[in-house]
Amino acid sequence: MALTLKINGVEHSVDVDPDTPLLWVLRDVLGMTGTKFGCGMSLCGACTVHMNGNAVRSCVMPVSAMVGAEVTTIEGIGATDVGKRVQEAWLSQQVVQCGYCQSGQIMSASALLASNPNPGDAEIEGAMSGNICRCGTYLRIREAIKVAAKAQPGKAEDAA
């Protein structure tokens, strides 16, 4: 069945079973391999993408649920102001160790900052609790989110 998806601002027509998880359409049909497979049960967050700006797990999301939605993946998150700040903060704070979970972590962090530009520690931990990092870089992740929050346009001028 042909479905039209809007991913990172570009429409794609895919001929797949409507129940196919979005993750496999992204990776196997469209060749967008930045989104990772982790657990396949929505438990680890490695497959996180945005659906209309909200973080969702693509490993359990049927592709038919994405028709008419704006989907953003790690390949497109840097085109947004928040996503760009998060990616820059990830680099400046040297968050990544093995890197496998990082695309999902960045997607969850970007969704958090888009909805809450100044989260506290508890809000960060709550929003990121569904993303597992086997390397244990949670403290660096939290610091990078704070750095990205402080890098908001106009924030430095406001503090002066």
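No disulfides turn up here: the count is zero, where a disulfide is a pair of cysteine sulfur atoms within 2.5 Å. This is a predicted model, in which local features need pLDDT of at least 70 and side-chain atom pairs count only at pLDDT 80 or more, while totals for chains, interfaces and linings use all residues. Residues are numbered from 1 along each chain as its sequence is written, and side-chain values use heavy atoms, with hydrogens and water left out.

**Cysteines**

- For Cys 44, the closest cysteine sulfur belongs to Cys 39 and lies 3.9 Å away, too far for a bond.
- Cys 44 has 16% relative accessibility and counts as buried (under 20% relative accessible area; exposed is over 50% and partly exposed in between, with a 1.4 Å probe and protein chains only).
- The sulfur of Cys 59 has its closest cysteine sulfur in Cys 47, and at 3.6 Å this is also too far for a bond.
- Cys 59 is buried as well, at a relative accessible area of 8%.

- The protein chain splits into domain 1 (3-76) and domain 2 (78-151), with bounds from an automatic or database domain assignment.
- The centres of domain 1 and domain 2, taken over C-alpha atoms, are 20 Å apart.
- Domain 1 brings 18 residues to the contact and domain 2 brings 15 residues, contact meaning heavy atoms within 4.5 Å.
- About 1200 Å² is buried between domain 1 and domain 2, with 55% from carbon and sulfur atoms; buried area is the accessible area (1.4 Å probe) that two parts lose on being put together, summed over both.
- On the domain 1 side, His 50, Ile 74 and Gly 76 lose the most area to domain 2, together 36% of what that side buries.

**The largest pocket**

- The largest pocket holds about 190 Å³ of space (a pocket is an open set of points on a 1 Å grid over the protein atoms alone, where a 1.4 Å probe fits, with protein on both sides within 12 Å along at least five of seven lines; lining residues have an atom within 4 Å of a point).
- Volume here is the space filled by probe spheres set on the points, and grid points are joined across faces, edges and corners.
- Both domains give residues to the lining, so the largest pocket lies between them.
- Cys 39, Cys 44, Tyr 100 and Arg 134 are among the lining residues.
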